[in-house]
Amino acid sequence: MAVGVPEADVFAAADRVLQRGDRPTVERVRLELGRGSPARVGQLLDAWWDALAKRLAGETRLPELPKAAASAFIELWRVATDEARTQLDAAHAERRAALDAEQAQWLAEKAEWAARLDRAAAEIERANDARARADSRLEDLQRLLAQHERQRADDAAQLKALSVQLGGLENERRVLNERLAAREAAATQEREASAAHIRAVEDRAQTEIDRARQEAKTLRGHLARVERESHQAGEASRQREADLRQSLARAEQSTTEHQARAQTLEAQLARMDGVGEALRLAQDAVRAGLEREAALRAELSGQGQRRKPVAKADAGTAAKSAGKRGKSATKPARR
């Protein structure tokens, strides 16, 4: 929209509109000009109306006219000024309406711009917040970068120190490898010597094992012979014990019978006279039975005592023979 339209152009356009018989208005003058804002054209159109009134007032200063002509001219001028005033009021009203519309449009634009400004302020605030966060993040990153730089410098120093230590460790490793090679050579010699010694010991042990096996074989034969003899002696002892037990049973039975007979004889002596000789004979028989029973018990006990030492002597001989290696086994004495 053009601004600053010249006053002369607006006046000329208004004169042309008036010459065509139309009332000069803001829209007609703008249409005649083809440019200019309504406010600027309306302001200059007010000035044109003032100038028109002055021009018309200058035409009243005419020479003296006849009274009828002067009255007619004055009436004509009054009508013209009334019409001009009416048109001016209408123009003012039209201009006021245009200004109100323009003001309403301006207020709407102002409200829209205010809303835009509010949105822009909110966006600016968000942007400021984002920038503050970005600045804080940047500071954190810068501190972290500084820490990384210091850590990198420390790592470089440690790497250099480790390189020096690695050189020393490499020398130590070389020395240790040489020592290890020497010790491996010595260990190899020792292993060879130990292997030879172990083979010799194994040979001697194998010889001892063979001799021990032979001795064990001999001992097993001797033990079998002793067991056979012990078994035979045990069978005889058990048979003798059974015979003795039978004899003892018979003796006990005989003793019981003799006691019964003695009791019978004593009862008869209580009833009869002159039987002393029979009583003496009965007492002798009882005494003989008791002596026979005592002898059988002593013989039975002596047989058990003899069996026990024989078994102990055989076990001791077997243990003594098993404990001697590399020597001949001694034979146990027979009973």
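Rings of Phe, Tyr and Trp (its six-membered ring) pair if their centres lie within 6.5 Å; planes under 30 degrees apart are stacked, over 60 edge-to-face, and the rest tilted. By this rule there is one aromatic pair. W48 and W49 form it, edge-to-face, with 4.8 Å centre to centre and 70 degrees between the planes.

This is a predicted model: local features need pLDDT of at least 70, side-chain atom pairs count only at pLDDT 80 or more, and totals for chains, interfaces and linings use all residues. Residues are numbered from 1 along each chain as its sequence is written, and side-chain values use heavy atoms, with hydrogens and water left out.

Both W48 and W49 are buried (under 20% relative accessible area; exposed is over 50%, partly exposed in between; 1.4 Å probe, protein chains only). W49 also touches Q87. Leaving aside neighbours within four places in sequence, Q87 is in contact with R23 and W49 (heavy atoms within 4.5 Å). Q87 is buried too, at 18% relative accessible area. Q87 belongs to helix 4 (residues 67-271); helices are DSSP runs of H or I, at least four residues, numbered from the N terminus.

Now the helix packing. Helix 1 (residues 7-19) packs on helix 2 (residues 26-33) at about 110 degrees, with axes 9 Å apart. Axes are lines fitted to C-alpha atoms over the stretch in contact, and angles run from 0 to 180 degrees between N-to-C directions. Helix 1 and helix 2 are therefore roughly perpendicular (65 to 115 degrees). Helix 1 contributes D9, V10, A13, A14, R16 and V17; helix 2 contributes R28, V29, E32 and L33.

Notes. Helices (H or I, at least four residues) and strands (E, at least two) are DSSP runs, numbered from the N terminus. Angles under 35 degrees count as roughly parallel, over 145 as roughly antiparallel, 65 to 115 as roughly perpendicular and the rest as oblique.
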